[in-house]
Protein chains: 2
Amino acid sequence: MKTINIGIIGLGTVGSGVVRILQQHHDDFMRDQDVDLRLVAAASRDASQAETLGITQIFCDDGNAVVNNPEVDIVIELVGGVTFAKELVFAALNAGKSVVTANKALIAAHGHELMELAAHKGVEIAFEASVGGGIPIIGPLRHTLAGNQIRSIIGIVNGTTNYMLTRMRENSLDYAEALKEAQAKGFAEADPTADIEGFDAAAKIAILATIAFNTDVRLDQVSVEGISRLSALDLDYAGEMGYCIKLLAIANRTSDGIDIRVHPAMVPLAHPLASVNGVFNAIYVVGDAVGDTMFFGEGAGSGPAASSVVGDLIEVGRHLAYRESITQPVWDTESLPIKPIDELETSYYLRLSVPDRPGVLATTAQIFAQHNVSIYSMVQPGTHASSTELVCVTHVARESDMLAALAEIRAANVVLSEPVLIRVQGDAI
Amino acid sequence: MKTINIGIIGLGTVGSGVVRILQQHHDDFMRDQDVDLRLVAAASRDASQAETLGITQIFCDDGNAVVNNPEVDIVIELVGGVTFAKELVFAALNAGKSVVTANKALIAAHGHELMELAAHKGVEIAFEASVGGGIPIIGPLRHTLAGNQIRSIIGIVNGTTNYMLTRMRENSLDYAEALKEAQAKGFAEADPTADIEGFDAAAKIAILATIAFNTDVRLDQVSVEGISRLSALDLDYAGEMGYCIKLLAIANRTSDGIDIRVHPAMVPLAHPLASVNGVFNAIYVVGDAVGDTMFFGEGAGSGPAASSVVGDLIEVGRHLAYRESITQPVWDTESLPIKPIDELETSYYLRLSVPDRPGVLATTAQIFAQHNVSIYSMVQPGTHASSTELVCVTHVARESDMLAALAEIRAANVVLSEPVLIRVQGDAI
């Protein structure tokens with residue numbers, strides 16, 4: 001049996017989970033996978049983590065020492081971010097070591113360079129844990145579904161916001177209350193910006209789109225809108241109309257290029273994604289042969305993310321142990337354009353706070369009509385003193401038309417506060 | 001770029017789908033996968049299929065000729081069954097060719113021998129399409145989830161019966177009507193025995209259990225019960241109690257061995273499997289690190305099954321083209337015992353048709369008590385002339401006790417027809 005030596009950098013939530021799995025299942029992996037995966041080096045900023053895990057004898061406080069350790073065959077990078085982690089991963093690949101990482105930001109920003117460098121050095125970089133925590137998705141897209149032209153990926157890939165939206169809907173919490181609760185439970189960080197503004201989901205959909213469409217999609221090419229402008233009111237109205245609101249990460253292959261975006265969306269209650277609640281994640285994939293599929297599971301946490309890291313580790317370890325040459329995974333073999341979000345065609349949910357006086361509805365309706373936005377349904381669910389809520393759902397309209405109509409409505413002084421606009425996830429799913 | 005030559009045997013629904021994908025995406029696979037997958041030989045009993053597909057120039061009517069064709073590197077076996085298909089697959093492996101198959105019966109009956117022979121010959125046998133149609137499940141279990149000890153697999157893996165149960169519930173069709181409709185729509189075969197009696201699902205769960213638990217589980221070790229004794233009445237009562245009835249294929253790793261069975265089960269409506277309707281399949285997997293995951297998609301049909309066959313084909317083709325030695329997939333590295341179904345502990349739904357006279361309820365309750373079966377709830381939903389329905393749900397009881405109680409109830413002449421017993425899928429999921 002061959003021995004593969006492993007160095008790990010980062011012993012936080014995920015790193016500790018990885019070490020525990022390797023400790024608990026080391027002998028199982030020897031028996032079942034025919035490879036001796038031996039942890040020989042570990043680094044983190046906090047030595048007490050190594051003590052808790054009982055690995056002080058292989059611990060050091062310098063990630064570079066792990067990368068430069070001549071014994072180490074595979075480096076597990078769980079530092080996160082695109083500064084120190086980037087240095088470590090490039091250094092490891094340059095030193096001819098394979099890398100396993102959960103770093104979505106790094107892959108979304110530098111995937112192309114990293115894959116090229118790995119190919120050049122004849123090693124591997126694996127990152128199943130970067131998207132969807134424990135959910136197998138990168139592996140299935142690359143292998144089992146490789147016979148398909150992937151048409152569409154629609155993911156609930158951020159557990160923090162999905163937890164908040166679930167609580168807002170089920171318990172009528174408002175946004176601020178839901179955020180506070182998520183922070184108290186450890187589901188949201190002290191600075192929750194990356195999650196609630198959609199950047200975390202954007203990095204993940206950029207990675208999935210790159211793999212599914214074989215074209216390089218970078219984080220800065222994703223149109224992003226978070227959930228911070230939603231209120232419990234919108235979730236209630238959505239429910240009355242047979243929808244729930246989810247933060248969706250969407251990538252569609254269209255004849256005009258890749259349509260890629262993250263935003264809150266109205267999801268029909270009968271859709272499989274509508275019942276994905278709490279911190280669970282799910283990724284809905286449509287392929288030309290396979291049809292509709294969905295992958296569901298825990299998107300974060302020590303166990304699930306560590307499961308994906310160790311899955312990659314076993315795979316890369318077996319490759320190193322048992323084959324002469326590395327089968328290069330596919331990266332961006334095509335160069336597809338990104339479709340500007342202005343050109344999106346979808347229907348919209350729109351909530352306007354308008355003064356309770358005659359003529360407002362007529363003015364609003366006229367402005368929409370002038371911009372080719374056709375109203376499918378409109379209700380005035382409640383009146384509060386001098387204002388009233390106007391809730392509309394439109395037929396399919398062009399995003400640029402909708403935005404122009406909204407600009408004119410703002411200018412016409414018929415709205416009392418910033419309109420709430422939510423795209424409806426319709427026929428596409 | 002390397003060329004891999006492919007021979008296909010069987011040009012029915014799945015085979016035609018495979019040929020069409022290869023025709024349509026051949027150039028995409030060259031660009032994206034760096035391998036030229038060339039179909040060089042095809043066989044089936046019906047030459048007209050080859051004409052429809054435009055491949056008469058590579059067609060012959062003898063599967064053996066495809067296996068013996070010296071040009072062929074990979075044989076795709078889509079004949080099905082365990083007679084001629086078995087000969088073909090063993091002959092191909094013996095000739096040093098890799099095999100891709102969708103043949104669940106063959107893998108469930110001869111997996112061990114086939115894996116050993118492939119290992120001995122340094123080739124591969126791949127069978128993702130044998131379970132769950134287009135749903136990636138064997139790949140994820142083998143790779144992404146390999147870091148887990150898998151605790152439980154619960155699958156809806158037979159589209160025919162799931163379609164029938166969905167129609168029975170949603171439209172109150174009775175069993176015979178649902179079967180007739182499924183046959184008319186092509187979802188059930190003229191002889192539907194393998195589907196409705198659970199044998200198809202049993203082969204699939206035997207394969208999944210073998211891979212998930214690394215232990216050889218054969219078809220004849222699976223306890224099997226089909227759906228033919230269910231009536232629309234049971235689906236109605238289930239709905240009233242907050243359940244739906246699904247034909248589940250279940251495999252649990254327990255301290256007493258592998259608990260493996262196929263039977264109709266009451267599934268709580270809030271469970272993700274409860275909303276898997278029509279011909280869709282889903283496989284729920286619980287691992288010690290990953291927690292709960294679910295894989296959902298179309299379980300049958302030309303496109304989905306062909307998607308999995310072509311996924312395997314690309315994988316095996318890339319292995320052949322780009323690496324020197326084959327990384328052996330894991331098969332039965334452990335020898336775990338099978339837990340007898342008599343020892344199962346679960347709660348039960350039970351419907352008894354009893355005469356409408358005093359004392360019947362007392363007699364029944366007493367018999368249950370004598371056999372340690374404790375009633376959780378009991379209702380008498382309706383009275384029809386001289387008989388009445390008695391519907392109970394029990395606390396967790398031992399299967400052997402429940403069967404003994406039922407035998408005594410039959411002997412006591414308090415039931416007018418054969419009792420309907422359905423296991424409740426409880427805490428385990």
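Into which domains is chain A divided? Chain A comprises domain 1 (2-133 + 302-322), domain 2 (138-298) and domain 3 (346-424), with bounds taken from an automatic or database domain assignment. The model is predicted: local features need pLDDT of at least 70, side-chain atom pairs count only at pLDDT 80 or more, and totals for chains, interfaces and linings use all residues. Residues are numbered from 1 along each chain as its sequence is written, and chains are lettered from A and ligands numbered from 1 in the order in which they are written.

The centres of domain 2 and domain 3 of chain A, taken over C-alpha atoms, are separated by 26 Å. Nine residues from domain 2 of chain A and nine residues from domain 3 of chain A form the contact, defined by C-beta atoms, placed from the backbone, that lie within 7 Å. On the side of domain 2 of chain A that touches domain 3 of chain A, helix 11 (232-240) and strand 10 (257-268) each supply at least two residues; helices (H or I, at least four residues) and strands (E, at least two) are DSSP runs, numbered from the N terminus. Strand 10 of chain A provides the largest share of that side, four residues.

Chain A is superposed on chain B by a rotation of 180 degrees with 0.0 Å of shift along its axis (RMSD 0.0 Å), fitted by least squares on the C-alpha atoms of residues with pLDDT of at least 70 in both. The two copies are thus related as by a two-fold rotation axis. Among the residues of chain A, A:Phe295 comes closest to the rotation axis, at 2.4 Å (C-alpha).

Terms used. Two residues are in contact if their C-beta atoms, placed from the backbone, lie within 7 Å.
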